[in-house]
Every structure is written in C-alpha cells, then in structure tokens.
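Colleague: I am new to reading protein models, and I would like to go through one slowly with you. Could we take the features one at a time, with the general idea before the case?

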Amino acid sequence: MLETVQLDKKQHDRKGFDCGVDVLNDYLAKYASSSDQRSLTKTFVLVDSEQPKKIIGFYTLAYATVSVPDGFPRLANYPYPAPALTLARMAIDKSFKNHRFGEQLLLECIRKTALAAQPENPAAVIGLFVDAKEDAVGFYKQYGFIEVSCENTRKLYLPITTCKKVALAMENG
C-alpha cells in the first residue's frame with residue numbers, strides 16, 4: 001500500500017533516490033532532513049509500505065510571505081505580505097515515472113494546504129505557490145494553478161478556495 005509520510009533520515013534511503021535531476025537528488029540526500037530539523041521546511045516521501053525504505057517520490061513544503069497577487073477581489077487592498085505555503089520541491093524517482101505519482105503528491109500538497117487554512121490552526125494561508133520549471137507549468141495548470149506576478153517574479157498560485165474544493169473532492173471520493 002502506498003503512503004505519504006514525513007521524511008525520516010534513519011528509515012528512508014535518501015541516497016538511493018534518483019529523479020534524474022542532480023539538484024533535487026542532492027537536496028533530498030544532503031539537506032532535506034536538516035532543513036526539517038531546523039523547522040525551515042517539511043519533506044514528505046511517498047513509499048510502499050512493503051518496501052518503506054525505497055522513496056518513490058517526495059515533496060517539500062515551506063511557509064512563505066508573498067505580495068498579494070493582483071486580480072483576487074477577496075485579497076484586494078491588503079497592504080501587507082500575505083502568508084502562504086510554497087511547494088519548494090517535488091520529484092519522482094526515474095524508476096517510477098509515468099504512474100501518476102506526481103499527481104498523487106501534488107494532490108496531497110493541496111490537501112495539506114487546505115488543512116493549514118482551517119480555523120483551528122494557529123496560522124492562515126492564502127494558498128499554495130510554486131516556482132515551476134518551464135516544462136512543468138502545464139502539469140500544474142491542469143490542477144487549477146494560475147500564473148501570477150509576485151515580488152517581480154512569475155509564480156504559479158492555487159488560491160485557498162480552490163485548495164479547499166480539491167480537498168473536499170478528495171474526501172468525497
């Protein structure tokens with residue numbers, strides 16, 4: 001059975017992961033655990049419960065503050081940086097490509113973003129942001145991400161209202 005769990009440097013084989021992108025492989029192998037321990041990020045891995053050491057894929061989330069994107073009436077006239085979650089990194093091991101595991105991880109990120117915005121949580125977020133590589137922009141757009149300009153950069157943004165709708169649809173099957 002597949003499950004997404006928080007990275008555990010003692011339990012998961014970080015050095016055996018190879019997505020074909022050296023910078024992502026190096027991040028997982030060398031920096032993800034220490035970044036988690038210092039409360040800078042949280043990295044989650046997709047594993048098979050029958051082979052829990054083998055990492056199928058991973059993603060890293062971080063809180064951020066962003067300039068409020070233009071064109072969102074609910075956020076209009078808010079003069080301060082707004083809290084958000086950022087999908088900092090996401091990758092699938094080369095040996096598991098074309099099994100829709102990227103979709104599974106992205107939907108899990110969206111669900112976690114919706115949970116972060118629940119009233120009982122101590123902080124709020126306006127949505128999920130990602131700095132997508134040019135060849136991945138289409139992947140994110142098919143899940144409702146929109147291109148926005150924030151802090152003089154192009155980012156993709158999924159508003160919290162969309163995150164909540166996706167999470168609700170996931171709950172309802």
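This is a predicted model: local features need pLDDT of at least 70, side-chain atom pairs count only at pLDDT 80 or more; totals for chains, interfaces and linings use all residues.

Modeller: Let us begin with strand pairing, where two strands pair if DSSP finds at least two bridges between them; here β4 and β5 pair in the parallel sense over two bridges. Residues are numbered from 1 along each chain as its sequence is written, and side-chain values use heavy atoms, with hydrogens and water left out.

Colleague: In β5, which residue is the bridge partner of Thr86?

Modeller: The partner of Thr86 is Phe129 in β5.

Colleague: Which strand do 10 bridges join to β4?

Modeller: That strand is β3 (residues 57–66), and β3 and β4 run antiparallel; Val66, for instance, has Ala82 in β4 as its bridge partner. For burial, we call a residue buried under 20% relative accessible area, exposed over 50%, and partly exposed in between, using a 1.4 Å probe and protein chains only. Eight of the 11 residues of β4 are buried, so β4 is largely enclosed by the rest of the structure.

Colleague: How should I read salt bridges, and how many does the structure hold?

Modeller: A salt bridge is a side-chain nitrogen of Lys or Arg within 4 Å of a carboxyl oxygen of Asp or Glu, and the structure holds seven. In one of them, Lys112 meets Glu108, with the closest N and O atoms 2.7 Å apart. Because they are four residues apart in helix α2 (residues 101–116), Lys112 and Glu108 are separated by about one helical turn.

Colleague: Is Glu108 buried or exposed?

Modeller: Glu108 counts as buried, at 13% relative accessibility, and Lys112 is buried too. The side chain of Glu108 also makes a polar contact with that of Arg111 (2.6 Å), a polar contact being a pair of N or O atoms within 3.5 Å, where within protein one must be able to donate a hydrogen and the other to accept it, and residues adjacent in sequence count only if both atoms are side-chain atoms. Leaving out residues up to four places away in sequence, Glu108 touches Thr4 and Tyr59, where contact means heavy atoms within 4.5 Å.

Colleague: Which parts does the salt bridge of Lys155 and Asp131 tie together?

Modeller: The side chains of Lys155 and Asp131 meet at 3.2 Å, N to O. Lys155 lies in strand β7 (residues 153–159) and Asp131 in the loop between β5 (127–130) and α3 (137–141), so the pair ties together parts that are 24 residues apart in sequence. Lys155 is buried at 14% relative accessibility, whereas Asp131 is partly exposed at 47%.
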